[in-house]
Amino acid sequence: MKSIPPNPARVLFYGVTGSGKSSAAHAYAAASGLPEFSADDDIGWLPGWQQRSVEQQREIAADVAARDFWVLDSAYGVWRDIVVPRAELVVALDYPRWLSLARLTRRSVRRVITRQPVCNGNVETLARLFARDSIFYWHFNSFARKKRVFREWQADPDMPPVLVFRKPKELDHWLMHIATATGPVDATGESGRP
């Protein structure tokens with residue numbers, strides 16, 4: 001089993017749509033002081049629900065991956081090969097389908113009602129929730145595949161270590177430990193970590 005680095009400088013969160021990757025990445029970035037990047041906001045989407053071209057996404061992902069310090073809340077399949085090898089740790093949220101689907105449903109309904117911007121000013125609508133390429137479609141289409149992918153990473157000695165959480169309480173406990181055991185990283189990469 002690959003050892004988990006005590007203070008990884010480049011951390012990728014990975015899991016099915018609705019598992020809470022973005023919230024977990026945000027909490028980890030805040031606790032560790034590492035800069036946070038969003039797969040949706042920074043790499044994938046433009047205003048008006050226009051997706052960046054694959055070439056643009058790969059270029060931006062390569063720029064993020066090349067940095068010394070980052071936390072990334074997901075990795076799209078079209079540029080995953082760029083960021084995963086650079087990660088020092090992959091945090092996989094391996095929650096049961098019912099839990100991630102319930103979270104996704106609550107979040108999506110709340111966003112439709114409040115018109116809360118999702119990424120780059122885009123908002124969810126009822127029409128988008130029921131479209132053929134909706135976020136629910138992605139949840140069901142990717143669930144088994146994402147589990148298979150991070151299990152392959154776990155077994156591959158050339159891939160970064162994968163820390164798997166199967167319950168939100170396990171993740172919360174780990175994040176609490178990060179918050180109490182580390183200090184923020186400054187611009188030189190130094191930290192108050194023990």
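Hi everyone. Helices here are DSSP runs of H or I with at least four residues, strands are runs of E with at least two, and both are numbered from the N terminus. What you see is a predicted model, where local features need pLDDT of at least 70, side-chain atom pairs count only at pLDDT 80 or more, and totals for chains, interfaces and linings use all residues. Residues are numbered from 1 along each chain as its sequence is written, and side-chain values use heavy atoms, with hydrogens and water left out.

Let's start with Ser74. Ser74 sits in the loop between strand S5 (70–72) and helix H4 (80–83). Is Ser74 buried or exposed? Its relative accessibility is 9%, so Ser74 counts as buried; the cut-offs are under 20% relative accessible area for buried, over 50% for exposed and partly exposed in between, using a 1.4 Å probe and protein chains only. Setting aside neighbours within four places in sequence, Ser74 is in contact (heavy atoms within 4.5 Å) with Leu12, Phe13, Lys21, Ala39, Trp79 and Lys146. Phe37 is 37 residues away along the chain, and its C-alpha atom is 9.1 Å from that of Ser74.

Now to helix H3. It covers residues 54–66, which makes 13 residues, and spans 18 Å from first C-alpha to last, close to the 18 Å expected at 1.5 Å a residue; that expectation is 1.5 Å times one less than the number of residues. Which residues of H3 are buried? They are Gln57, Ala61, Val64 and Ala65. Down the axis of H3, these buried residues fall within an arc of 95°, so they line one face of the helix; the arc is taken from the directions of the C-beta atoms from the helix axis. On the other side of H3, Glu55, Glu59 and Ala66 are exposed. The cover over the buried residues of H3 includes strand S1 (10–15), helix H2 (39–44), S5 and H4.

Next, salt bridges, meaning a side-chain nitrogen of Lys or Arg within 4 Å of a carboxyl oxygen of Asp or Glu. How many does the whole structure have? The search finds seven. In one of them, Asp94 bridges to Lys147, with the closest N and O atoms 2.3 Å apart. This pair links distant parts of the chain, 53 residues apart: Asp94 is in the loop between strand S6 (89–93) and helix H5 (97–114), and Lys147 is in helix H7 (residues 135–155). Asp94 is buried at 6% relative accessibility, and Lys147 is buried at 18%.

Glu152 and Arg148 also form a salt bridge, at 3.9 Å from N to O. Both lie in helix H7, four residues apart, about one turn of the helix. Glu152 is partly exposed at 48%, as is Arg148 at 44%. Shared partners also join Asp94, Lys147, Arg151 and Arg166 into one salt-bridge network.

Last, the rings. Aromatic pairs are rings of Phe, Tyr and Trp (its six-membered ring) with centres within 6.5 Å, called stacked when the planes are under 30 degrees apart, edge-to-face over 60 and tilted for the rest. The whole structure has six such pairs. Trp45 and Trp49 are edge-to-face, 5.3 Å centre to centre with 85° between the planes, and both are buried. Tyr76 and Trp79 make a tilted pair, 5.3 Å centre to centre with 35° between the planes; these two are buried as well. Finally, Phe13, Tyr28, Phe165 and Trp174 form one aromatic cluster.
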